[in-house]
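Subject: Structure handover

Hello,

Here is the structure I said I would pass on. Please open it first, then read the notes below.

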Amino acid sequence: METKKNTFAGGVGFILAAAGSAVGLGNLWAFPYKTSQNGGAAFVLLYIISVLVLGFVTMVCEIFIGRRAQANAVSAYKKVNKNLGWCGFLAVMLPVFIICYYSILGGWTLKYATHSFWGNAGMLESFSVNTPEVALFTGVFLLFSAFIIMGGVKNGIEKMSKILMPILFLLIVGIAGYSLTLGEGVRDGLRFFLQPDFSTIGPKQILVAMAQAFYSLSLGMGIMLSYGSYTGTHIDVKKSCMMICFFDTLVALLAGLAIFPAVAHFDPNLLGSSKGIALVFIILPDVFASLGTVGKIVSFLFFAMVCIAAVTSVVSLVEVVTQFIIQKFKVSRKFSGLGVVTFCFLVSIPIAWSLGHVAINGEMEHAFFGMDLLTFFDEVTNTLLMPMGALLACITVGWIIKPENALRELEASGSKMGGAVLQRVFCFMVRFVTPVLILFVELSGIKGELDAGQHAVVITALAFLAVCIGAYFMFLRNTNTGTNADEKLL
Ligand code: PHE
């Protein structure tokens, strides 16, 4: 079969690429500590339900919107209705914000991986304030992502995913296996991570689980839309989404199995403090340091794995923006990819500075509305704008295209969407259950920010939304925003 330059060559490549986007710092770092803080196994259960009810349903919607249009997010929403194109523009602009801070952490993991043989213990305070060095690692990390993007969908993203994802999986299984055989403390670590404590489950935990599901599955922006647009009829959407959700959850669980037994074995006192940035960048390096030479090797493998996970996620973010620029402005992939990465690199420098000084070293006089810039951007995007993006995708399929039509269209294009009962459940979910739950996440996010006095976060998110809507109606609604076919013609 002839495969065009800018499509995935096969179903496995697509699943691995989408799973590559989904599996990232959210799985290896946020999921373990959120689980330990929010009720252990009881939280895992809530999380799995969120993945099925919110994640899976939203993912099908996003992939469907992209796949039927075979175009960037703006054109894809325009195809549904010309007045909806701003939803796509929001989905294209959001990743720009995220790349700027996510790649700093990617740079950190690169530093920790390459520095493993000299030992990383106690390094964070001094490394994080050395902005030129952080910028160097962030730059290398971004350049590597740009290099993959420049290869195109099939020869860049798909090839990279086929090589890196199996390596990542082997590494996490190997490290978890190693952790579980450490002996003393393993049980305590597992209990800390997984002991169900249903008494801790309340509305807050449900909210955390749902928000984590969105973030971890890379939903609420243009990613699944963009990757979906590069799939042809040879890809089964239902099966692919199930595999992506399964793989993402599996890696998150394995990360917990790798981290907590090791921490409990080496220093049980650290278990309670295993939160936030400290877990991966302070506590684990201490654990590795106490292991001698073996520790250096395990440290290298661990941080290389986290770095791989971060690269495959950043690549997906860069692709959303790159695809739009190529198709709207008819420029080459090289120009577009390098342009996006350079812009994000420049914006990342002040964020990196703020992260080191405020978040790590607590110099609050440099704070921005009481926080570091990374936390600020993270809250604007993750707490407020990502659920909004997901809600828009769900409403578009549930109420505008209509789920029955979507299922019919998917089946007609060769995707088996399950039996009559399953289809009816899906329609009901897309229309009523999922959007209501996402709205709950969104409103609780806004309320949480306002209660915490973070009006600036809410105002920034609303302003960002207003700018996207305004810019769309002024510059994009009545102009040609292109499709995937344009890239082939370049
Ligand atoms: N899903 C990624 C993770 O778990 C994060 C991410 C979010 C990547 C949004 C891209 C877009 O870390």
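A residue counts as buried when its relative accessible area is under 20%, as exposed when that area is over 50%, and as partly exposed in between. By that rule, 60% of the 490 residues of the protein chain are buried. Please keep in mind that this is a predicted model.

The whole chain

The protein chain has 20 helices and zero strands. Its radius of gyration is 22 Å, close to the 23 Å that the globule rule gives for 490 residues, so the chain is as compact as a globular protein of that length. Along the principal axes, the C-alpha atoms fill a box of roughly 60 × 50 × 50 Å. The chain exposes about 18,500 Å², and carbon and sulfur atoms supply 70% of that area. If we take contacts between residues at least 6 apart in sequence, 83% of them join residues at least 24 apart.

Helix α3 covers residues 41-69 and helix α16 covers residues 373-401; their axes come within 9 Å and cross at roughly 70 degrees. Angles of 65 to 115 degrees count as roughly perpendicular, so α3 is roughly perpendicular to α16. On the α3 side, the residues in contact are Thr58, Cys61, Glu62, Phe64, Ile65 and Arg68. They meet Ala390, Ala393, Cys394, Thr396, Val397 and Ile401 in α16. The residues of this contact divide into eight nonpolar, two polar and two charged.

Leu105 lies in helix α5, which covers residues 85-114. Is Leu105 buried or exposed? Its relative accessible area is 4%, so Leu105 is buried. Leaving aside residues up to four places away in sequence, Leu105 touches Leu25, Trp29, Phe281, Leu355 and Leu374. Leu105 and Cys344 are 239 residues apart in sequence, and their C-alpha atoms are 13 Å apart in space.

Two loop residues with positive phi

Gln70 is found in the loop between α3 and α4. Its phi is near 50 degrees, a positive value in a residue other than glycine. With a relative accessible area of 27%, Gln70 is partly exposed.

Lys330 lies in the loop between α14 (292-329) and α15 (333-360). Lys330 is not a glycine either, yet it has a positive phi of about 55 degrees. Its relative accessible area is 36%, so Lys330 is partly exposed.

Regards

Note on methods
Residues are numbered from 1 along each chain as its sequence is written. This is a predicted model: local features need pLDDT of at least 70, side-chain atom pairs count only at pLDDT 80 or more; totals for chains, interfaces and linings use all residues. Side-chain values use heavy atoms; hydrogens and water are left out. Axes are lines fitted to C-alpha atoms, for helices over the stretch in contact, and angles run from 0 to 180 degrees between N-to-C directions. Helices (H or I, at least four residues) and strands (E, at least two) are DSSP runs, numbered from the N terminus. Angles under 35 degrees count as roughly parallel, over 145 as roughly antiparallel, 65 to 115 as roughly perpendicular and the rest as oblique. Contact means heavy atoms within 4.5 Å. Ala, Val, Leu, Ile, Met, Phe, Trp, Tyr, Cys and Pro count as nonpolar, Asp, Glu, Lys and Arg as charged, and the others, Gly among them, as polar. The radius of gyration is taken over C-alpha atoms; the globule rule is 2.2 Å times the number of residues to the power 0.38. Buried means under 20% relative accessible area, exposed over 50%, partly exposed in between (1.4 Å probe, protein chains only). Accessible areas come from the Shrake-Rupley method with a 1.4 Å probe; for residues, only the protein chains shown count as cover.
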